[in-house]
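Please find below a set of numbered remarks, written to be read alongside the coordinates. They cover confidence, the contact between chains, and a few local points of geometry.

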Amino acid sequence: MESVLFYLFSAVLVGSAVAVVTVRNPVFAVLFLVLAFFTTAAIWLLLEAEFLALVLILVYVGAVMVLFLFVVMMLDINLVPLREGFIRFLPVAILVAIVAFAEIAVVLGPQHFGLEQIPSPVAHAADYSNTKELGRILYTSYAYPFEIAALILLVAIIAAISLTLRRRPDTKYQNPAVQVEVKRNDRVRMVKMAAEKKVSHREGASS
Amino acid sequence: MNFVMPTFLPALPEIFVLTMACAVLIADVYKSEKNPFITYHLSLVTLLGAAVLTVMMHDAEPVITFGGSFINDSMAALLKVFIYLVTAVVFLYSRDYLIQRGLFKGEFLILGLFAVLGMMVMVSAYNMVTVYLGLELMSLSLYAMVAMHRDSSVASEAAMKYFILGAVASGFLLYGMSLIYGATGQLGLTEIASYIKASSGHDLILVLGVSFVVVALAFKLGAVPFHMWIPDVYHGAPTPITLFIGSAPKIAALAMVLRLLSDGLGGLHGEWQGMLILLTVLSVTLGNVVAIAQKNIKRMLAYSTIAHVGFIFMGVLAGSPAGNAGAMFYIITYAIMALGGFGMILLLSRAGFEADNIEDFKGLAKRNPWFAFMMLIVMFSMAGVPPTVGFYAKLSVLSAVIDAGYVWVAAYAVLFSVVGAFYYLRVIKFMYFDDQDDNTPIESSPDVRAVMSANALAILLLGIFPGTLMGMCASAASVAH
């Protein structure tokens, strides 16, 4: 049963991964990537990595890919120049892909990573929580790397703000404080004018 | 599960730099118009304090803490002190240039300090996760610093290239690390080393992992054929950032090479030695030959970096403590030389004028004989002319590689460094034998002048008395083994 599910998910995963790079519409490509992440999460569930599987869906599908989808839909990218040379470079690309695949297959094949070399892990009991175990190890043995990872996020925030927050004279940014503080006299100017004679009958009727 | 609280004391310099970087971050928001240099002074104090703490925390015996993620040994202390020193000089040289161009913002200092923190983590890393995270912390800060000059399209292009290629290199590093983890089941460098020692067999997975790691290291240091980003980034980035990228991070990158290849994968020396020989030969050739054709001095120095990286890999490939010590000596002195070279470009630049063409050095000897002499020392040292330190650095690496039995590599490298002498000497020819086009007097603050003079004289002094620094490198390399 498990191996049937595994092959089913793997087939979907490989198929959607191929589709990501081959479909013409970038929105479909993003959606296929979502499918690929989803099936990866399913395979991780089969490996008893429930926490990581859920995080994959929450973080990648829920946040990153949705953002991607927005970017792809909002930016009006002209795809024709991007696709130029696709056919021309295809033979070289296929050759490189085949060579790389063969090399990796030689090394990562079952003769090195088979069940004889690395025995199948024993399934844990139903009440075993790998979330708890991950948390335990993350905050004890790996506290130092964990803190550095947090720092990387801080640097990312600083970098993003320093690169995007700048006052250009041509941008029409809003200043809510000024907007709230505004007085009637700043916006409306009362002008005294002499009354004019009515010009048209229709305007006179409506008023 | 038994968990013993680790001792935090060996990591005191890191904790101090982090705290101070956050303090600078806050001070930058609240600083008043009256005192715009408070962040700058705070940053220098941070680096000074970190140096003091590093020397205080230094112990002859290596201290390992945080469950094997962190090591404080002689190599870490030595390289960290030089990282602080180089960064402090970078901040000083950059100040006037950045003020003139309206780029002197707190972010430069804050990102610089975080990059220093990343380098410290790399230098002290003792398992693969920490090596990678330190590298990312440093690189992310550097990418943002390159992009900081938003109005310059060249800088944005350089930042984009640097970011994408750097991300690819990190991917290679991670893949290599995951293969090594898959083969050994260990993340700690000592555990990996002892696993390799125990299994004498020829492990194909490990070798594939090692080759990915070597590719990533070559990428980060900029060895041929993974050098493409160096000239564009050096040329496109604002000169102070080029100065920073070309100096301190190289020291950290060498530390990463020594930790991974020598400490962790030293048992596979036979496997990675061939790869390093190839990198050395290609880098020395391409760096020296292509530099001849450059008209922009930043590009020229970028290609010269590639050639120097070839020499550094030559020290590492010997695989002996003497070779590692030579590589360490070389990278430290190279960082000091790069400070002098790029610092001189900053010194000659003024508002609205970049002195980044070799032609801009024409007649410098008549404009300002003292700085021309300083540049002469820097160029002689990069070319490897005695009695400057460049000669001694090359000598120590070459003797290590000859002891390892690779006389032909040494002979080849010497041959191409003779070729390379041409473009360094051409700068000197421009300075001393050509007429000046530009008569503007050089304006700079007295502190910059003093440090620049000290910088060049240090190159001369270290060349005449290399013993102290070489001794420190030798003891650091022997303890690391």
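1. What is the mean pLDDT of chain A, and what share of its residues reach 70 or more? This is a predicted model, and chain A has a mean pLDDT of 85, with 92% of its residues at 70 or more. Within chain A, helix H11 (residues 201-206) has the lowest confidence, with a mean of 52. Helix H8 of chain A (residues 143-164) has the highest, at 93.

2. For chain B the mean pLDDT is 90, and 99% of the residues reach 70 or more. Helix H20 of chain B (residues 467-480) is where confidence is lowest in that chain, at a mean of 84. The highest value in chain B, 95, belongs to helix H5 (residues 128-146).

3. Chain A is assigned three stretches as domains: domain 1 (1-77), domain 2 (89-122) and domain 3 (130-164). Between the C-alpha centres of domain 2 and domain 3 of chain A the distance is 32 Å.

4. On the interface: 25 residues of chain A contact 35 residues of chain B. The area buried between chain A and chain B is about 2700 Å², and 81% of it is on carbon and sulfur atoms. On the chain A side, the residues that lose the most area to chain B are Tyr144(A), Val155(A) and Leu163(A), which together account for 23% of what that side buries.

5. Which kinds of polar pairing occur between the two chains? The number of salt bridges between chain A and chain B is zero. One residue pair is in polar contact between chain A and chain B, counting pairs with both residues at pLDDT 80 or more.

6. Which elements of chain A supply the side that touches chain B? Helix H5 (86-108), helix H6 (110-113) and H8 of chain A each contribute at least two residues. H8(A) gives the most, with 14 residues. Sorted by class, the side of chain A that touches chain B consists of 18 nonpolar, five polar and two charged residues. H8(A) is also the helix with the highest confidence in chain A.

7. Over all chains, the whole structure holds 14 salt bridges. A pair to look at in chain B is Glu14(B) with Lys80(B), a salt bridge whose closest N and O atoms are 2.8 Å apart. The two residues belong to distant parts of the chain, 66 residues apart: Glu14(B) is in helix H1 (residues 12-30) of chain B and Lys80(B) in helix H3 (residues 74-100) of chain B.

8. Where do the cis peptide bonds noted here fall? The bond from Val224(B) to Pro225(B) is cis, with omega near 5 degrees, and Pro225(B) sits in the loop between helix H8 (204-221) and helix H9 (229-236) of chain B. Pro386(B) and Pro387(B) are also joined by a cis peptide bond, with omega about 10 degrees. Pro387(B) is in the loop between helix H16 (369-383) and helix H17 (389-403) of chain B.

9. Glu48(A), a residue other than glycine, has a positive phi, near 65 degrees. Glu48(A) is located in the loop between helix H2 (26-46) and helix H3 (50-74) of chain A.

Notes:
Residues numbered from 1 in each chain as written. Chains lettered and ligands numbered in written order. Predicted model: local features only at pLDDT ≥ 70, side-chain atom pairs only at ≥ 80, totals over all residues. Heavy atoms only, no water. pLDDT = per-residue confidence, 0-100. Helix = DSSP H or I, 4+ residues; strand = E, 2+ residues; numbered from the N terminus. Domains from an automatic or database assignment. Contact = heavy atoms within 4.5 Å. Buried area = accessible area lost by both parts, 1.4 Å probe. Salt bridge = Lys/Arg side-chain N within 4 Å of Asp/Glu carboxyl O. Polar contact = N/O pair within 3.5 Å; in protein donor to acceptor, adjacent residues only side chain to side chain. Nonpolar A, V, L, I, M, F, W, Y, C, P; charged D, E, K, R; others polar.
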